Amino acid sequence: MPMLKIFVGTMYGGALDVAEQVKPLFEEAGYSVAIYDNPTLKDLTGSPTELALFCVSTTGSGDYPGNFVPFARAIAEQSPGLGSLRYGLIALGDSSYGETFCGAGRQLDELLQGQGAQRLGERLEVDAMETFMADDAALPWVEEWIESEALKVA
């Protein structure tokens, strides 16, 4: 059974809630799923990660949440080369912050692609000003992502 790793960057638990809500969709699609809410570089590179989903909130001025900073910094500093990684990205933000809206997700996307990772499909950006519960946007997106990227294995 293939493994999907979900890496979570969250401040108040919203991104973790999204990860927990979408997990069953991947299990139904035939994946074993692990959620990392305090991710480390070893979680990503220690055992082969072929498919990953990143659920990342944005804090402050477009910054990563505290639990995600060491992970992102390790990717940037150690340049692990992620050429075999295929991933999806759910970015949570608040458009009232203007230019920094979903800044953490956008930064992460650039960082991963800079390491050779391949994003499958478009990044989902969830706006707290429009969507009270992020999983209301994430669940249909994940269903469509699994379908459109032919990720179903079961």
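Trainee: Hi! What should I know about the numbering and the model?
Mentor: Residues are numbered from 1 along each chain as its sequence is written, and side-chain values use heavy atoms, leaving out hydrogens and water. As the model is predicted, local features need pLDDT of at least 70 and side-chain atom pairs count only at pLDDT 80 or more, while totals for chains, interfaces and linings use all residues.

Trainee: Great. Which residues lie nearest the centre of the largest pocket?
Mentor: Ser57, Thr58, Leu92, Gly93 and Ala128 do, out of 26 lining residues. A pocket here is an open set of points on a 1 Å grid over the protein atoms alone, where a 1.4 Å probe fits, with protein on both sides within 12 Å along at least five of seven lines; lining residues have an atom within 4 Å of a point.

Trainee: And which element gives the largest share of that lining?
Mentor: H1, with 3 residues. Helices are DSSP runs of H or I, at least four residues, and strands are runs of E, at least two, numbered from the N terminus.

Trainee: Switching to Leu51: why does it count as buried?
Mentor: Because its relative accessibility is 2%, and buried means under 20% relative accessible area with a 1.4 Å probe, protein chains only. Leu51 lies in strand E3 (residues 51–57).

Trainee: How far is Leu51 from Arg119?
Mentor: They are 9.7 Å apart in space, C-alpha to C-alpha, and 68 residues apart in sequence.

Trainee: Where is Asp135 found?
Mentor: In helix H5.

Definitions and conventions:
Buried means under 20% relative accessible area, exposed over 50%, partly exposed in between (1.4 Å probe, protein chains only).
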